[in-house]
Amino acid sequence: MSTYSPVQVAIAGEALIDLIGRADGNYEPCLGGALYNLARALARQGVGTQYLNPLSRDRWGRELAAQLAADGVQLALPTPVGEVTSLAVVNLTEHGHPDYAFYREGVADRTVSAAGLNAACAAHGGVLQLVCTGALALDARDAAIYLPWLQAQRAAGRCVVVDANLRPSVMPDLPAYRAQVQAALAEAHIIKASDEDLDHLQVPGTEPLERARHLLAANPRASLMALTLGGEGAWLLQQGEGAAQWFAREAQPLAVVDTVGAGDSFLAGLLADLLKQYANAPAGFAAFVAGLSAEQCQQALRHALASASLCVQERGCVPPDWQAAQDWAVQHPALCQRP
């Protein structure tokens with residue numbers, strides 16, 4: 001008998017190997033990919049999660065699959081494919097931020113179709129509450145895969161989550177890439193973006209919060225937006241004229257090892273907390289998100305911040321479990337603000 005939890009979240013997007021540059025000039029292979037990291041992070045927080053993309057039968061594909069299984073993520077396509085695993089070469093800046101170069105032609109995680117994604121989601125019926133994508137899945141060259149899938153899932157009543165997570169340095173056609181990201185955001189109930197994403201999207205405004213408000217207003221079908229500012233904290237914004245917004249950051253500086261997977265852990269913490277709060281709600285999850293109270297938003301933001309804070313203190317993406325994030329939030333109270 002399977003020990004997996006019923007699938008509440010389905011995730012589609014890249015799974016790859018991060019080759020992380022070390023001080024000695026060598027590269028350390030780490031399992032990665034924004035959506036892969038998100039799937040792991042959600043499952044480690046106790047959320048029933050399914051990863052929808054195929055994985056390779058090569059050595060790295062087998063390692064990717066084994067880690068998902070160890071973390072409790074279900075595979076929609078458990079039979080591996082012949083295509084190779086995607087690679088990302090990651091060199092860290094002096095501040096520990098990753099700089100990426102991707103190798104993704106003819107790779108396993110891109111051998112998927114909108115019909116296949118929809119069929120995998122349909123198998124879970126009403127138990128599946130939300131679907132997530134973003135990052136490299138928003139490549140304009142894959143528009144025929146992910147955008148129709150998001151549109152179908154929204155039409156089916158599921159909550160759509162899109163993490164912009166732009167990688168403009170590796171996209172051959174930046175205007176087409178920006179247009180595809182905007183098209184995906186237009187389908188979202190929940191948007192996540194960083195201050196760097198706002199720069200890449202050329203969102204008008206003079207400071208990140210103003211620009212985030214502009215992006216949220218430009219996507220009126222979204223109910224909620226998370227804006228991450230790296231070590232400066234994060235905002236959670238609700239839709240609508242005069243709608244509320246909340247800010248949180250760590251009270252003390254962290255011992256940052258690197259920031260790989262921090263945004264993915266943040267988003268996982270946010271969604272895991274909201275799903276836990278939703279457990280007793282009568283309406284569907286998308287309706288629940290549209291009607292969040294101030295207390296619910298603040299609680300979810302604190303848990304998301306704690307999840308990211310624990311991740312940055314590890315090398316590579318090591319998402320915390322639910323209890324570790326809860327304990328961190330209690331032991332290290334965040335500085336919170338509502339203007």
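Q: How do you know that helix α8 has the reach expected at 1.5 Å a residue?
A: Helix α8 covers residues 262-278, 17 residues in total. Helices here are DSSP runs of H or I with at least four residues, and strands are runs of E with at least two, numbered from the N terminus. The expected span is 1.5 Å times one less than the number of residues. For α8 that gives 24 Å, and its first and last C-alpha atoms are 24 Å apart. The model is predicted: local features need pLDDT of at least 70, side-chain atom pairs count only at pLDDT 80 or more, and totals for chains, interfaces and linings use all residues. Residues are numbered from 1 along each chain as its sequence is written, and side-chain values use heavy atoms, with hydrogens and water left out.

Q: What makes α8 largely enclosed by the rest of the structure?
A: Buried means under 20% relative accessible area, exposed means over 50%, and partly exposed lies in between (1.4 Å probe, protein chains only). In α8, 15 of the 17 residues are buried, so the helix is largely enclosed.

Q: How do you know that the span of α4 agrees with its number of residues?
A: Helix α4 runs over residues 143-155, which is 13 residues. They should span 18 Å at 1.5 Å a residue. The end C-alpha atoms are 18 Å apart, so the two agree.

Q: Which residues of α4 are buried?
A: They are Ile145, Tyr146, Leu147, Trp149, Leu150, Gln153 and Arg154.

Q: Why are the buried residues of α4 said to line one face?
A: The arc is that of the directions from the helix axis to the C-beta atoms. Down the axis of α4, the buried residues fall within an arc of 165°, so they line one face. The face turned away from them carries the exposed residues Ala144 and Ala155.

Q: What do the buried residues of α4 pack against?
A: Contact means heavy atoms within 4.5 Å. The partners are β1 (9-11), α3 (114-122), β8 (130-134), β9 (159-163) and α5 (174-185). Just after α4, Gly157 takes a positive phi of about 95°.

Q: Which residues of helix α11 are buried?
A: In α11 (residues 322-331), they are Trp322, Ala325 and Trp328. Down the axis, these buried residues fall within an arc of 135°, so they line one face of α11. The face turned away carries the exposed residues Val330 and Gln331. The buried residues pack against α1 (34-44), α8 and α10 (294-311).

Q: Why is the link between Arg59 and Glu63 called a salt bridge?
A: A salt bridge needs a side-chain nitrogen of Lys or Arg within 4 Å of a carboxyl oxygen of Asp or Glu. The N to O distance between Arg59 and Glu63 is 3.1 Å, so the pair meets the rule. The two are four residues apart in helix α2 (residues 59-71), which means about one helical turn separates them. By this rule the count comes to 13 salt bridges.

Q: Why does Arg59 count as exposed, and why does Glu63 count as partly exposed?
A: Arg59 has 57% relative accessibility, so it counts as exposed. Glu63 has 31%, so it counts as partly exposed.

Q: What makes Glu105 and Arg141 a tie between parts that are apart in sequence?
A: Their side chains meet in a salt bridge, 3.5 Å from N to O. Glu105 lies in the loop between β7 (98-103) and α3, and Arg141 in the loop between β8 and α4, so the pair ties together parts 36 residues apart in sequence. Glu105 is exposed, at 61% relative accessible area. Arg141 is partly exposed, at 45%. Both belong to a network of salt bridges that links Glu105, Arg110, Asp139, Arg141 and Asp142.

Q: Where does Arg104 find its salt-bridge partner?
A: Arg104 pairs with Asp109, with the closest N and O atoms 2.5 Å apart. Both residues are buried.

Q: Why is Thr228 called buried?
A: Its relative accessible area is 12%, so Thr228 counts as buried. Thr228 lies in strand β11 (residues 224-228). Leaving aside neighbours within four places in sequence, its contacts include Lys192, Asp195 and Phe266.
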